Amino acid sequence: MDTIQWGSLPEELQVMPFKILFYGLQIRTNFTHYHIFVGLSMVAYSFCGFMSLIKIATMCFMFKYNSLCYRLVAEKIRKLPQPTDDGSTKVNIGDLKKLVEVHRKAYNVTILIEDICQVPLALEFLTCVIFWCLSMIYISKKIDFNLINVMIIFCLSLIETFGCSFLGSELAEEAEAVGKAIYDLPWYEHSVELQRFYRLIIQRTQRPTGITGVKLFVVQRTTFASVIQMSYSYYLVLQDVLNNF
């Protein structure tokens, strides 16, 4: 009786034992074992999906909350001047002090968000470039049922990256709107004491306000477009390298 070498078997037969057995469960031949496998798979998929949802929602909520804080400050600034009988405007110094404090807290929240999210965001954009590039290579080489799984992961990665970029741009725009609202005030009509508080807000708005990925790039829509362009460029290079082999 001739002995069959394992390496001489077709690839489909080599992986078959691993497909049949799942930690001792006969998932291909036993009805009960198969449904146990399905149940465990659903629990694992649900847990992974829930954790991904928590990660995405937490970052998006932090971005949106900070954007709304800056929007609130800008609206409050526009409503600060109160008309007087002589045609000029006046500002309540107590309201202005509270506004300066709210803007300071909003700016500190931005710094805190960046400290929390800068490393995850940098890794997210890096993995997106790698994954999108490999996905395009896979699509160009092979089209089968696994393409559905690849496209689902591709779309989820695309939505997650675009969501962070969109909200990052919104945060930067709302922070910039605070500076524009201050400049639009008739500050020249107010006292030196009020102008001193205006200067505090202006000094903060002159600093670049936004979320970065470990100080290498700013998370915004233009960065998302650059990532897409970079992924396609890397795909073309790798495609050319693979064709030469």
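**Helices, burial and loop geometry in a predicted model**

His33 is located in helix α2, which covers residues 31–78. When residues up to four places away in sequence are set aside, His33 touches Leu25, Gln26 and Ile27. Helix α2 also holds Lys55, which counts as partly exposed at a relative accessibility of 45%. Between the C-alpha atoms of Lys55 and Tyr234 the distance in space is 28 Å, and the two residues are 179 residues apart in sequence.

As a whole, the protein contains six helices and four strands, and these elements follow one another along the sequence in the pattern α-β-β-α-β-β-α-α-α-α. The protein is more spread out than a compact globule, because its radius of gyration is 28 Å, a value well over the 18 Å that the globule rule gives for 245 residues. Taken along the principal axes, the box filled by the C-alpha atoms has dimensions of roughly 110 × 50 × 25 Å. Of the 245 residues, 33% are buried, and the accessible surface amounts to about 16300 Å², with 66% of that area belonging to carbon and sulfur atoms. Among the contacts with a separation of 6 or more, 72% are made by residues 24 or more positions apart. The side chains include 22 positive and 21 negative ones, and the centres of these two sets are 6 Å apart.

Beyond the residues up to four places away in sequence, His103 touches Tyr70, Val73, Val178, Ile201, Arg204 and Thr205. Leaving aside neighbours within four places in sequence, Glu114 is in contact with Gly210, Ile211, Thr212 and Lys215.

Lys215, one of these contacts of Glu114, is placed in the loop between α5 and α6. At 63% relative accessibility, Lys215 counts as exposed. The phi angle of Lys215 is near 65 degrees, which is a positive value in a residue other than glycine. Val214 is found in the loop between α5, residues 192–205, and α6, and has a positive phi of about 45 degrees although Val214 is not a glycine. Most residues other than glycine have a negative phi. With a relative accessibility of 34%, Val214 counts as partly exposed.

Helix α6 comprises 24 residues, 221–244, and at 1.5 Å a residue should span 34 Å; the C-alpha atoms at its ends are 35 Å apart, which agrees with that expectation. Within α6, the residues Thr223, Phe224, Val227, Ser231, Tyr235 and Gln239 are buried.

How values were computed: Residues are numbered from 1 along each chain as its sequence is written. This is a predicted model: local features need pLDDT of at least 70, side-chain atom pairs count only at pLDDT 80 or more; totals for chains, interfaces and linings use all residues. Side-chain values use heavy atoms; hydrogens and water are left out. Helices (H or I, at least four residues) and strands (E, at least two) are DSSP runs, numbered from the N terminus. The radius of gyration is taken over C-alpha atoms; the globule rule is 2.2 Å times the number of residues to the power 0.38. Buried means under 20% relative accessible area, exposed over 50%, partly exposed in between (1.4 Å probe, protein chains only). Contact means heavy atoms within 4.5 Å. Accessible areas come from the Shrake-Rupley method with a 1.4 Å probe; for residues, only the protein chains shown count as cover. Lys and Arg count as positive and Asp and Glu as negative; His and the chain ends are not counted. The place of a charge is taken as NZ of Lys, CZ of Arg, CG of Asp or CD of Glu. The expected span of a helix is 1.5 Å times one less than its number of residues.
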